[in-house]
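Subject: Structure handover

Hello,

Here is the structure for you to look over. My notes on what was found follow below it.

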Amino acid sequence: MAKKAKTKTGKVVLACTECKRKNYDTSKNTAEHPDRMELNKYCKFCKKHTVHKESK
């Protein structure tokens, strides 16, 4: 039986920087990327593309 590889992935919630609403759930490898994630995503509340930052 093969062993399952251990990865340090954690659940991440992305919040819009303009309206501060939490829109997206994703995961990331916390061992390789310990700092907070920033992505340009579409916010359905602002109805435009905005920067979304990782929140707690």
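One definition before the details: two strands pair if DSSP finds at least two bridges between them. With that in hand, Leu14 has Tyr24 in E2 as its bridge partner. Please keep in mind that this is a predicted model.

**Overall picture**

The chain has zero helices and four strands. From the N terminus, the order of elements is β-β-β-β. The radius of gyration is 14 Å, whereas the globule rule gives 10 Å for 56 residues, so the chain is more spread out than a compact globule. The C-alpha trace spans about 50 × 20 × 15 Å along its principal axes.

Buried residues come to 21% of the 56 in the chain. Among contacts with a separation of 6 or more, 34% link residues 24 or more positions apart.

On charge, there are 16 positive and 6 negative side chains. The centres of these two sets lie 6 Å apart.

**How the strands pair**

Start with E1 and E2. Strand E1 covers 9-16 and strand E2 covers 22-29. They pair in the antiparallel sense, over seven bridges. Together they make a hairpin with five residues between the strands.

Next, E3 and E4. E3 takes residues 38-43 and E4 takes residues 48-55. This pair is also antiparallel, with six bridges between the two strands. Tyr42 stands opposite His49 in E4. The two strands form a hairpin with four residues between them.

What joins E1 to E4? Four bridges do, and the two strands run antiparallel. Ala15 has Lys53 in E4 as its bridge partner.

**E1 and Leu14**

E1 is largely enclosed by the rest of the structure, because six of its eight residues are buried. Leu14 is in strand E1. Is Leu14 buried or exposed? Its relative accessibility is 1%, and under 20% counts as buried, so Leu14 is buried.

Leaving out residues up to four places away in sequence, Leu14 touches Arg21, Lys22, Asn23, Tyr24, Thr26, Leu39, His52, Lys53 and Glu54. Tyr24, its bridge partner in E2, is on that list. The C-alpha atoms of Leu14 and Asp25 are separated by 6.3 Å. Those two residues are 11 apart along the chain.

**Met37 and Glu38**

Where is Met37 placed? Met37 is in the loop between E2 and E3. Setting aside neighbours within four places in sequence, Met37 is in contact with Val12, Thr26, Lys28, His52, Lys53 and Glu54. Met37 and Lys53 are 16 residues apart in sequence. Their C-alpha atoms are 5.9 Å apart in space.

Glu38 lies in strand E3. Not counting residues up to four places away, Glu38 touches Val51, His52 and Lys53. From Glu38 to Thr17 the C-alpha separation is 9.8 Å. Along the chain, they are 21 residues apart.

Lys53 is the bridge partner of Ala15. Lys53 is also among the contacts of Leu14, of Met37 and of Glu38.

Most residues other than glycine have a negative phi.

Lys20 is in the loop between E1 and E2. Its phi is positive, about 65°, although Lys20 is not a glycine. Lys20 counts as exposed, because its relative accessibility is 62% and the cut-off for exposed is over 50%.

Lys47 lies in the loop between E3 and E4. Lys47 is not a glycine either, yet has a positive phi of about 60°. With a relative accessible area of 64%, Lys47 is exposed.

**When you open the model**

Begin at Leu14, which is buried at 1% relative accessibility. Follow the bridges from E1 to E2, then those from E1 to E4. Finish with the turns at Lys20 and Lys47.

Best wishes

Key:
Residues numbered from 1 in each chain as written. Predicted model: local features only at pLDDT ≥ 70, side-chain atom pairs only at ≥ 80, totals over all residues. Heavy atoms only, no water. Rg over C-alpha atoms; globule rule 2.2 N^0.38 Å. Buried < 20%, exposed > 50% of the residue type's maximum accessible area, 1.4 Å probe, protein only. Contact = heavy atoms within 4.5 Å. Lys, Arg positive; Asp, Glu negative; His and termini not counted. Charge placed at Lys NZ, Arg CZ, Asp CG, Glu CD.
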